[in-house]
Amino acid sequence: MNETVTRGEEISALIIDDEPQMQRLVTSILEPNGYRVATASTGQEGLATAAQHRHDLILLDLGLPDVGGIAVLRQIREWTQTPIVILTVHDSEPEKIEALDSGADDYVTKPFNTGELLARLRTALRHADKGKVEEPVLQFGTLTVNLATRLVTRENRAVKLTSTEYALLRLFVQHAGKVLTHRQILREVWGPEHELKTQYLRVYVQRLRDKLEPDPDAPAFFLTESGIGYRFFAS
Amino acid sequence: MSLTENRLTSFLAPPWRQYTATILMVGIVTLVCYLLERSVGYQTLALIYLLAVVLVALVVGRIPTLLGAALGALIWDYIFVPPRFSFHIDELYDKMMVATYYIVAIVIGDLTTRLREHQEAAMKAKLLSESERLGRTLLNSVSHEFRTPISAIVGAVDNLRAEGGLSAAHNEFIDEIDSAGARLNRVVQSLLSAARLQAGQLQPRMDWCEARDVVRASVHESARLLNGHPVETKIAPGHHLAKMDFVLMQQAVSNLIANAAVHTPPGTPIKISARFEGKELLLQVADHGPGLPPGEVERVFEMFHRLPNSKPGGTGLGLAIVKGFVEAQGGRVCAGNGVDGGAVFNIFLPASDKPELPEEAS
């Protein structure tokens, strides 16, 4: 579990959570995994700390007592693109969607397991790393997507995709590991005027599964995030 | 200025008080008019009666207001309009004056009461939505309060396990704590769902969903509870799109799966299928257990109802939540026994709407 971090230096993370117990728990998960952790107990304190020090990553609880978590998120997003992963509870899907559409990178639902939390943070950090070189050929198990030639192969055999299917696939693989809300995907692939037509997405994700999944009945790539959207899983 | 004076309105709640107040008001105005008549002339007095009608309309209902308007017109006519102390009116312009007064009084009285009723309705709605918001905030904070310590337990156990180097006995304890934490989380989930249902706080977010996705997510969610029961999913190729709340449906179907896993002999399969039946989408969970005893078919979905001789454990909420969640989405549930034995639970969701789909060949 305690995998080594590929970066040379420590990653600095800020935890904004009013519960000391959660602060301790997350700190104890992050520190052995190469993170340097700072904590804040209120939204105001979190905003102040985030402004004073540069952090590589912010973990934000949505249930803050003073300023709402969403308000904190929006304020931070006004001046920085630091990856933000939100901590939330089950049954709060509208809140999660609002947070994701307001600029949060991902979310973790309490109670979460250690591996899940670390994976979300790694993905958020990877997508925030603007300096990285964009690879034109992406490989996911038996699936290969060449973004330069638009060639998609499954088990080394070319798969024919329509232009919409390809646009959707490209969006997924470029955000591999990251959750995308229905609205985000619909805006990106079909345009803002179609952002509420979830049915398009249901149909096209099923088409991609039928064409690209090793077993369409047990999807390994195109994962459904209940009530939120989809996540393209990259192991 | 607020149109309603709360204390006055509550004092005037009984109708007889409204009528008394109206008659009293007309009486006082008549007295005032009597004193003023010499200096202002009888035609101006009509305006004072109109003012009285408006004031009365602010605090009493529509019918007493109309009564006040009529009473005012009659008294004004009788006492002040020449010839005095007679309902007879000599001049045409006086007749027109009385008629105009009467129409204006009715219209103003009606408009004022209507305005007031609107305001009262808006206030009631605001109070209601505030109490709803309070209820929701309370449930959310209870949810947060429970989930935080559970997260701490599950997370700490996870950390311990990750560090490794523990004895077999310690690992057993860790597994115990872990499964107790997961169970606690499920119970909290059930209690909160039931509380939301009881408080009428459930607001389904209806959107197009694929039944296949819902079934898959439900099987995944209940994987931990299957206890060795194999799950067989049967969904014909093609789309099974219907409007539903994905999260609620996922919990409903996984509750049915968990219910089947608990009440059937170990190792027997649980069959899940989805198909359109007429104008409805049917999601079905069938098991190979003993089936439902006679008389239980109607009662299984009741809250806290448990089958006689059922195993200990369980809150008696699972199936009630299924029913509540499905009905909140405009669907219905029913239970019965299959032809080859075993219990069958059906969820029907309305599916007469068909989605508008993009046109592009696949």
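Biologist: What makes β11(A) and β12(A) a pair of strands in this predicted model?

Modeller: Two strands pair if at least two bridges are found between them, and β11(A) and β12 (residues 229-232) of chain A are joined over 4 bridges in the antiparallel sense, so by the cut-off of at least two bridges they pair. Within this pairing, Thr224(A) stands opposite Tyr230(A) in β12(A).

Biologist: Why are β10(A) and β11(A) said to stand at the edges?

Modeller: The open sheet has 3 strands in the order β10-β12-β11 (chain A), with antiparallel pairing. β10 (179-181) and β11 (222-225) of chain A each have a single partner strand, so one side of each is left without a neighbour in the sheet. From one strand to the next, the twist averages 30°.

Biologist: Which strands pair with β1(A), and in which sense?

Modeller: β1 (residues 11-16) of chain A runs parallel to β2 (residues 35-40) of chain A, with 6 bridges, and parallel to β3 (residues 57-61) of chain A, with 4 bridges. Ile16(A) has Ala40(A) as its bridge partner in β2(A) and Leu60(A) as its bridge partner in β3(A).

Biologist: Why is the unit of β1(A), α1(A) and β2(A) called right-handed?

Modeller: A crossover is right-handed if, with the strands pointing away from the viewer, the path from the first strand over the helix to the second runs clockwise. The unit that β1(A), helix α1 (residues 20-30) of chain A and β2(A) make is right-handed, which means that, in this view, its path runs clockwise.

Note on methods. Residues numbered from 1 in each chain as written. Chains lettered and ligands numbered in written order. Predicted model: local features only at pLDDT ≥ 70, side-chain atom pairs only at ≥ 80, totals over all residues. Helix = DSSP H or I, 4+ residues; strand = E, 2+ residues; numbered from the N terminus. Axes fitted to C-alpha atoms, helices over the stretch in contact; angles between N-to-C directions.
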